[in-house]
Amino acid sequence: MRERIGIALKSAQEEGDKRRCATLRLIQTAVKDREASARDNGKDGVGDSDVIEILQKMISQRVTSADEFETSGQLDLAEQERVEQEIIREFLPVQLTEDEMRTLCEATVKDIEAHGLRDIGRCMSELKSRYPGKMDFVQASCLVKDMLRTEGNGHHQQQGADETPKG
């Protein structure tokens, strides 16, 4: 993954795309910082899953910044943040659609026999281990919460409708 980022940076430099170069350099710096921190803590460095986590955090920061800029009327800065988001997204695995995500969340809730809001943490941990970088975990958390809230009230929909809620 780091190699792809490096190749993309060289290409952006050749094309003279300053915004893309700056964003790709930010990615490289964030990865190098995480790597240095990992080595300081006795680890060998960072893997692709760590890079994915870094990229997701960078996107999240830009979403927040874009919203803040838009609210304050700084539309040009909001647009810059959105452009950076798209550049960063290029290096993430293909994201699941909302329908795919809902199906996987339902399957996970059923697989780990989650029954109520107290099981959100277990569900999210399982989703993150099964589908690293492939879904928006904030959105997934909302879906799981809705499913478990329904389950906890004894009105479980679709799968498991014949189960007795525990809790």
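Predicted model: local features only at pLDDT ≥ 70, side-chain atom pairs only at ≥ 80, totals over all residues.
Residues are numbered from 1 along each chain as its sequence is written, and side-chain values use heavy atoms, with hydrogens and water left out.

The protein chain contains seven helices and zero strands, in the order α-α-α-α-α-α-α along the sequence. Here helices (H or I, at least four residues) and strands (E, at least two) are DSSP runs, numbered from the N terminus. Of its 167 residues, 34% are buried, where buried means under 20% relative accessible area, exposed over 50% and partly exposed in between (1.4 Å probe, protein chains only). The protein chain exposes about 10300 Å², of which carbon and sulfur atoms supply 47%; these areas come from the Shrake-Rupley method with a 1.4 Å probe, and for residues only the protein chains shown count as cover. Among contacts (heavy atoms within 4.5 Å) between residues at least 6 apart in sequence, 57% join residues at least 24 apart.

In soluble globular proteins, nonpolar side chains tend to be buried together. A nonpolar core is taken as a set of buried Ala, Val, Leu, Ile, Met, Phe, Trp, Tyr and Cys residues joined through side-chain atoms within 4.5 Å. The largest such core holds 20 residues, and Leu24, Ile27, Leu55 and Phe91 touch the most other members. Two or more residues come from each of helix H1 (2-15), helix H2 (18-40), helix H3 (48-71) and helix H4 (75-89). The largest share, six residues, is that of H3. Leaving aside neighbours within four places in sequence, Phe91 is in contact with Met1, Arg4, Ile5, Ala8, Arg20, Leu24, Ile27 and Leu55. A second, separate core has 18 residues, including Val109, Ile112, Met124 and Leu143.

H3 has 24 residues and reaches 35 Å from its first C-alpha to its last, close to the 34 Å expected at 1.5 Å a residue; the expected span is 1.5 Å times one less than the number of residues in the helix. Its buried residues are Val51, Ile52, Ile54, Leu55, Met58, Ile59, Arg62 and Ala66, and the buried residues of H3 pack against H1, H2 and H4. After H3 comes Gly73, whose phi is positive, near 80°. H4 has 15 residues and reaches 21 Å from first to last C-alpha, close to the 21 Å expected. In H4, Ala78, Glu81, Glu84, Gln85, Ile87 and Ile88 are buried, and the buried residues of this helix pack against H2 and H3.

Not counting residues up to four places away in sequence, Glu35 touches Arg2, Gly45 and Val46.

Turning to the cysteines, a disulfide is a pair of cysteine sulfur atoms within 2.5 Å, and by this rule the count comes to zero. Cys123 is in no disulfide, with the nearest cysteine sulfur, that of Cys105, 8.4 Å away. Cys123 is buried at 1% relative accessibility, whereas Cys142 is partly exposed, with a relative accessible area of 45%.
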